[in-house]
Amino acid sequence: MSSLQVAIVGYGLAGSVFHAPLIAAQPRMRVAAVVTGSSVRAEQARREHPGVRVLASADELFADIAGIDLVVIATPNRTHAPLARQALDAGLPVVVDKPFAVNVTEGEDLITRAEHAGLALSVFQNRRWDGDFLTVRQLIADGRLGEVRRFESRFERWRPVPKGGWREVGSADDGAGLLFDLGSHLIDQAVTLFGPVRSVYGELDRRRPNIQTDDDAFVALTHISGVRSHLWMSAITPQLGPRFRVLGSEAGYVTYGLDPQEEALRSGRRPGDGPWGTVEPERWGTVGAEPAVEPVPTIAGDYPAFYEAMAAALLDGAPVPVDPRDAVITLRLLDAARRSADLGELVTT
């Protein structure tokens, strides 16, 4: 097999900016088909991926899957599980954009179906390959922080006027809101670093007019290891806090700003267009204990690693890049955070 033929279902922001460019940059993969109901996005797909087969609906794709080796689900959250089920039932491996599903039952069902069919199933948790996150992992592994006691992580924005998309006007049942959108990343990162969670506390608010779900959220996780993770997600932050603030027994690490890969992809840059995922020295974080604090180079981010690993899973029998069971753990914790916010109390897991 010269390359894996990949079908992308959905060609909005996720499909066109995050998935398609990374797939196209992977030598063992090719964007072979795109499903979109938009004529504008259909033309965009044809322009960006010459020779691509463009279909108006997922039903058309699953009615004729000849030549397709992998399906990527990059549609609105509420459709992730139903479309992934269709793909698995058609006998195709699947990558699902985060969140994996809108509830635990849906996520567990997908895992069961994939296991019974012997098909690869993974979840696009690309933020595991953010450069600042890779740097935190390395600092912890090297013991430079000592015993980590508190982990603070933020995805904050200043968007006082809603854009009106489904993420803002949809309901929690649709997987709308910042808890699902950004919390899926922040919780996954915290659990990846510090392991299972004993208890969850959540605060969810709707601060802007004409939205139906949360646009300002806080989640506190107490890990069995004793680490406390404090996670902020907000669209209404006029002054942004640090992206990471990690406090250990020997030193801390603080860094500001977002990994540059998303901005690069949005602007049309592609992996291979010169250095990728690198952070300039003036944007490096600092490590140490006051007053002895010094800059530490940020490891280059590596979103392309996800599809490199997915190709290895399908062609070489390697593990998938993200175990879907991890995504179910994240769904359980998202649910616990929502219950905590509703009850106004700590929830044990």
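**Close-up views of a predicted model**

View 1. S153 stands opposite L231 in β10. This contact point belongs to the parallel pairing of β7 with strand β10 (residues 228-234), which extends over seven bridges. Strand β11 (residues 244-248) also pairs with β7, here in the antiparallel sense and over five bridges; within that pairing, F151 faces V246 of β11. Strand β7 itself (residues 148-156) is mostly covered, with seven of its nine residues buried.

**View 2. The open six-stranded sheet and helix α1.** The strand order is β3-β2-β1-β4-β5-β6, and the pairing is parallel. Strands β3 (53-55) and β6 (121-124) form the edges, each pairing on one side only. On average, neighbouring strands of this sheet are turned by 25° against each other, direction ignored. Helix α1 (residues 13-25) lies across β1 (4-9), β2 (29-35), β4 (70-73), β5 and β6, and runs at about 155° to β2.

**View 3. Strands β5 and β6.** Strand β5 (residues 94-97) pairs with β6 in the parallel sense over four bridges. In this pairing, V94 is placed opposite L121 of β6. Strands of a sheet pair through backbone hydrogen bonds, either parallel or antiparallel.

**View 4. The largest nonpolar core and the surroundings of F100.** The core comprises 103 residues, and those with the most contacts inside it are M29, F100, F151, L231, M233 and Y307. Helix α12 (residues 324-343) supplies the largest share of this core, seven residues. Apart from neighbours within four places in sequence, F100 is in contact with H80, A81, G107, L110, I111, L121, V123, P324, A327, V328 and L331. In soluble globular proteins, nonpolar side chains tend to be buried together.

**View 5. Helix α9 and the residue that follows it.** Of the 12 residues of α9, 11 are buried, so that the helix is mostly covered; among them are H185, D188 and Q189. G195 follows the helix and has a positive phi, near 85°.

**View 6. The annotated span of residues 137-344.** The unreviewed UniProt entry assigns these residues the annotation "domain: Gfo/Idh/MocA-like oxidoreductase C-terminal". In the model, the span is 31% helix and 25% strand, and its end C-alpha atoms lie 32 Å apart.

Notes
Residues numbered from 1 in each chain as written. Predicted model: local features only at pLDDT ≥ 70, side-chain atom pairs only at ≥ 80, totals over all residues. Heavy atoms only, no water. Pairing = 2+ DSSP bridges. Helix = DSSP H or I, 4+ residues; strand = E, 2+ residues; numbered from the N terminus. Axes fitted to C-alpha atoms, helices over the stretch in contact; angles between N-to-C directions. Contact = heavy atoms within 4.5 Å. UniProt positions renumbered as here; feature names shortened; annotations may be inferred. Core = buried A, V, L, I, M, F, W, Y, C linked by side-chain atoms within 4.5 Å. Buried < 20%, exposed > 50% of the residue type's maximum accessible area, 1.4 Å probe, protein only.
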